[in-house]
Amino acid sequence: MRRHFNFHAHTAVSAYYICGMKIICIGRNYADHAKELKNDVPTEPLFFLKPDSAILPPHNPLFIPEWTNDLHYECELIVKINRLGKYIDERFAHKYYDQIGLGIDFTARDIQQQCKEKGHPWEKAKAFDGSAVVSKKFLPLSELGAINDLGFRMEKNGEVVQSGRTKDMLFSVDQIIAHVSQFMTLKVGDLIFTGTPAGVGPVAIDDVLTGYLEGNELFRTKIK
Ligand code: ZN
């Protein structure tokens with residue numbers, strides 16, 4: 001039953017998002033988070049992809065996959081690309097986005113650890129169906145303020161578990177765009193998950209995760 005339900009939900013969402021869009025995720029972009037997972041701080045932005053099928057349809061709960069025993073949330077600020085570009089200079093990167101959202105990079109931490117130990121890619125742990133919560137609403141940057149000084153937080157069952165400010169990013173949004181676009185073309189509708197601050201942790205059935213960007217509630221996700 002569950003499989004059937006999810007299939008229809010994903011069919012609906014692929015029409016909602018632009019065909020061919022990709023999700024670029026930045027890893028270890030906050031020093032305090034890199035430290036909590038005992039990872040080195042990177043010398044250049046570390047990125048990986050999630051497919052569009054990873055997007056959890058708005059208002060759907062996330063069902064914990066049966067193959068993980070340690071599913072973690074990572075709340076992240078999301079930048080939506082609004083122009084086609086390659087080899088984008090950092091100075092011009094700000095022309096490629098004007099809307100900011102919030103989401104969760106769900107991570108099967110146990111599976112990711114196994115992948116890392118074997119030196120394997122970690123898509124199994126990061127790119128599965130439902131692993132990307134994307135707020136339905138994106139807020140215009142013109143209303144929010146400077147990209148380098150935005151605050152966001154996530155609550156689990158009403159308690160703040162993560163809070164971050166974009167000024168604490170190791171690599172700024174513009175540096176990320178400049179870096180990633182050396183390797184792949186950025187397209188209209190692509191999303192960049194910009195990394196998570198400290199406070200990541202496991203989820204359990206019946207948890208409710210709520211994300212706020214500058215005080216605006218942008219997502220509310222139930223775990224089933
Ligand atoms: Zn992440």
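**Threonine 166**

I began with threonine 166, which lies in the loop between β11 (159–165) and α6 (173–180). Helices here are DSSP runs of H or I of at least four residues, strands are runs of E of at least two, and both are numbered from the N terminus. The model is predicted: local features need pLDDT of at least 70, side-chain atom pairs count only at pLDDT 80 or more, and totals for chains, interfaces and linings use all residues. Residues are numbered from 1 along each chain as its sequence is written, and side-chain values use heavy atoms, with hydrogens and water left out.

Is threonine 166 buried or exposed? I found 4% relative accessibility, so threonine 166 counts as buried. Buried means under 20% relative accessible area, exposed over 50%, and partly exposed in between (1.4 Å probe, protein chains only).

I then looked up what its side chain contacts. The side chain of threonine 166 reaches the backbone nitrogen of aspartate 149 at 3.1 Å. A polar atom of that side chain also lies 2.8 Å from the backbone nitrogen of leucine 150.

**Zinc site**

Which residues coordinate the zinc ion? I noted Glu74 (OE), Glu76 (OE) and Asp105 (OD), at 1.9 to 2.1 Å. Donors are N, O and S atoms within 2.8 Å of the metal (3.2 Å for Na, K and Ca); water is not among the atoms, so sites may look incomplete. Along the chain the donors follow the spacing E-x1-E-x28-D. Glutamate 74 sits in the loop between β4 (71–73) and β5 (75–81), and aspartate 105 in strand β6 (residues 97–105). This pair is 31 residues apart and links distant parts of the chain. Glutamate 74 is buried, with a relative accessible area of 4%. Aspartate 105 has 1% relative accessibility and also counts as buried.

**Strand β1**

I checked β1 (residues 23–27) next: 5 of its 5 residues are buried. Ile23, Cys25 and Gly27 cover one side, Ile24 and Ile26 the other, and all are buried.

Which strands pair with β1? Strand β12 (residues 191–193) pairs with β1 in the parallel sense over 3 bridges. Strand β2 (residues 46–50) pairs with β1 in the antiparallel sense over 5 bridges. Two strands pair if DSSP finds at least two bridges between them. Isoleucine 24 stands opposite isoleucine 192 in β12, and its bridge partner in β2 is leucine 49.

**Cavity**

I counted 1 cavity of 30 Å³ or more. On a 1 Å grid over the protein atoms alone, a cavity is a set of points where a 1.4 Å probe fits but cannot get out; a pocket is an open set with protein on both sides within 12 Å along at least five of seven lines; lining residues have an atom within 4 Å of a point. The largest cavity has a volume of about 130 Å³, the space filled by probe spheres set on the points, which are joined across faces, edges and corners. Its lining has 18 residues, with Gly27, Arg28, His33, Gln112 and Lys126 nearest the centre. β1, β2 and α3 (109–118) each give two or more residues to this lining. The largest share, 3 residues, comes from α3.

**Second largest pocket**

I read a volume of about 170 Å³ for the second largest pocket. Of its 13 lining residues, Pro58, His59, Leu218, Phe219 and Arg220 are closest to the centre. The largest share of the lining, 4 residues, comes from β15.

Key:
A polar contact is a pair of N or O atoms within 3.5 Å; within protein, one must be able to donate a hydrogen and the other to accept it, and residues adjacent in sequence count only if both atoms are side-chain atoms.
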